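Keep the structure open while reading.

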Amino acid sequence: MFQNWMKKKGERTLDQPELDETMTSAEIPDMDYYFIMGDVPKQDSTLTNSLNIRLKPLAEKHKHAAILTLNYDVNVKEHIRMMEETFHPQIDILNVFEHFILPESGSKKHYSEYITGTSLHSINESVISEDKSTVQVTRYELPSSPIHYIDQLNGDRQLIKREEYDIHGSLRRVLRYVPHTGALFMEELIKDDGSIYMETIYSGSIKKNTVRHINWYKKTGVSTFVKKTDIMQQWLSFIQSQNERLKLIITEDRELDHDLFKIEHSDSVFYAAFVHDAHYEEDPRQLHPHYEELFKQIRKQQVDAVFFCDTRHKEDVEKILGEQSDFYMLPSDEASLWGSALQNILGNRVLKEALRSMVERTKWVLRDLSSEHHVLHLQLEMEGEMSIADQVQIDFAGYDRVNGAEIISQTIDENHQVIFPIGHFQTKKNIELNHTKHVDFYIRYKAKQQEVLQRLEVPEELLTSKPSAIDGLSYQTKNGYYSWKIS
C-alpha cells in the first residue's frame, strides 16, 4: 500500500464512507430509470417478476421509469396493453417502432399487391378463396383464430412472399423471398393506412443473409441505415440527451449490450447490466458470445454497475474479472437492497472520476527488465506530477487481450520495482483456462475497489536488446506498449 504517497496538502481524499451493513435505509436517487429489453416482457415470466420487484419501489417513490423494447412485433401494441395491467400504472412500456419510428414516419407508397383481395379492411372479415397450390393461410392458434400470415407460393411450392397481420386483422409487414432459394431479400413495414414506412433490403444469400441497407421514409425525407442497430442507437441517444436529468440505463438482454455501449456516453448517464443467467457455454472455459461485449466494456471501465440475482453467477463472473465494487447482489426477494445499490452507483462514479483525474497526470515507463529463476524483474519510473490519496494500491497487472481476464498482478513497491512470477503454476493455469494468446500489461490503481487502468509505455530498444524467450514466452512491444505473446 502507498500511504500518503506524494499527497498534496488539502487534496480531496478518496476514502469512501462505510456502507450500512443492512443496506435497507437508503433513499432511491432522483433519476430517470430505463430498462432495455428485446421483446415486451411476457406475463408471469421470471424476467417479468424480477422487473416488477425492481420497478415497484421506483414507481411508489414517483421516480420516472420505463421499459424500452427494441424488437419489431406486429402485435407490439397488444403486448404492451396486456403488460400495462401487470406493472404499476406509472411505469411506461415503450417500443422503438411505436414510440420513435412511427410518429416520425411518412410513406413511400401504398401497398396494393395483396395476395388475396385488394382492400384495406380487416383480413379476418374477408372471404378468402384459397388456391391450395399457391396460397397458404396460418392462423394464430386454432383454426377459428384470426389470420396471422398468408404465404404466396410459386409453382414448385416455394415461398416467394408473406403478408403478416396483427391479431385485429391489419397488415403490418410484408416479406419477400428469392425464388428457388427461400432467402429473404426485402422486408416492408406497413402503417394503419396501408402505406410503407420502412423497407429493409437484404443480400438475399441463403448462407449469410446480411442487411444491405434500410430506408426509413420519414416526414422530412428518406433516412438510410446500414444496420438495424443504428436505428436503435439513435433512439437511445435521443432518450439520454433529451434533458439534463441523471439517468440510469440497464440492459436486461446480452444481445442488446452492443446497442447501448456503442452510443456516445454522457456524463449525466449511468450504464448498467442485469445478469440473469450464467455466462458460460457447455464448456465452463468457453465464454458465451453474448457476454463478450459486456465483459469487454467492464474491462474498459465503461459500466457503472452489474446486478446479479444469483450469488453463483456473481462469483462465476468474478473468477474472470475479479471482485468489483460495481458488482451488486439483488436477490429476487430483497427489494430493500435496491436503494442502497443505486446510492452506491452515484458515489462510485464520483470516486472513480477523482481517481481518474489523478491518474491522467501520471506517466510510467519501463526502464529495466531482467529475468532469473522464472521470475521477471521490472524497474519502473514515474514521470509527471501526481497527487494521490490514502489507501491507493498500484499494481502491475496482466490481462488476457481477448477475454478480458486478469492473468496475474503484482503490487509495485515504494522503489517502483515489481517482481513478476511468470513461471508460477497459477499463471500457467490461467493461461490454459482462458486459451490466452496475448497478455497486455497495465498499471492498475485501486482505491476502495475503484479501479483505473493506465497503459505502460515501453522503449522498444529496451526489449529488443534482451533475450527473446523466457520460459517459452517472448516479450514484444505492441504500438509502444508492453505485451506478452504466448509462444
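Helix α9 spans residues 425-433, and its buried residues are Thr-427, Asn-430 and Ile-431. These three cover an arc of only 100° around the axis, so they sit on the same side of α9. The arc is that of the directions from the helix axis to the C-beta atoms. Buried means under 20% relative accessible area, exposed means over 50%, and partly exposed lies in between (1.4 Å probe, protein chains only). Helices (H or I, at least four residues) and strands (E, at least two) are DSSP runs, numbered from the N terminus.

The face turned away from the buried side of α9 carries exposed Phe-425, Lys-428, Lys-429 and Glu-432. What covers the buried residues? The cover includes β19 (406-411) and β24 (481-486). His-435 follows α9, with a positive phi near 55°.

**Basis of the values**

This is a predicted model: local features need pLDDT of at least 70, side-chain atom pairs count only at pLDDT 80 or more, and totals for chains, interfaces and linings use all residues. Residues are numbered from 1 along each chain as its sequence is written, and side-chain values use heavy atoms, with hydrogens and water left out.

The predictor's confidence in each residue is its pLDDT, from 0 to 100. The protein chain averages 82, and 85% of the residues score at least 70. Over residues 1-24, pLDDT stays under 50. For that stretch the model has 60 contacts beyond four places in sequence, a contact being heavy atoms within 4.5 Å. Where pLDDT is low, the predicted coordinates should not be read in detail.

**Salt bridges**

A search of the whole structure finds 24 salt bridges. Each is a side-chain nitrogen of Lys or Arg within 4 Å of a carboxyl oxygen of Asp or Glu. Three of them are listed here.

| Pair | N to O distance |
|---|---|
| Arg-81 and Glu-78 | 2.7 Å |
| Arg-176 and Glu-113 | 2.8 Å |
| Arg-356 and Glu-353 | 3.7 Å |

How far apart in the chain are Arg-176 and Glu-113? They are 63 residues apart, and the pair links distant parts of the chain. Arg-176 is in strand β7 (residues 171-177), while Glu-113 is in the loop between α3 (96-101) and β4 (135-139). Arg-176 counts as buried, at 15% relative accessibility. Glu-113 counts as partly exposed, at 39%.

Arg-81 and Glu-78 are three residues apart in helix α2 (residues 76-84), so about one helical turn separates them. Arg-81 is partly exposed, at 40% relative accessibility.

Arg-356 and Glu-353 are likewise three residues apart, in helix α8 (residues 337-359), and about one helical turn separates them. Arg-356 has 23% relative accessibility and counts as partly exposed. Glu-353 is partly exposed at 40%. Elsewhere, salt bridges that share partners join Asp-30, Asp-32, Lys-63 and Arg-245 into one network.

**Cavities**

The structure holds two cavities of 30 Å³ or more. On a 1 Å grid over the protein atoms alone, a cavity is a set of points where a 1.4 Å probe fits but cannot get out, and lining residues have an atom within 4 Å of a point. Grid points are joined across faces, edges and corners, and a volume is the space filled by probe spheres set on the points.

The largest cavity holds about 120 Å³ of space. Of its 13 lining residues, Ile-298, Val-303, Gln-324, Asp-326 and Lys-352 are the closest to its centre.

Conventions
1 Å grid on protein atoms, 1.4 Å probe; cavity = no way out; pocket = protein on both sides within 12 Å on 5 of 7 lines; lining within 4 Å.
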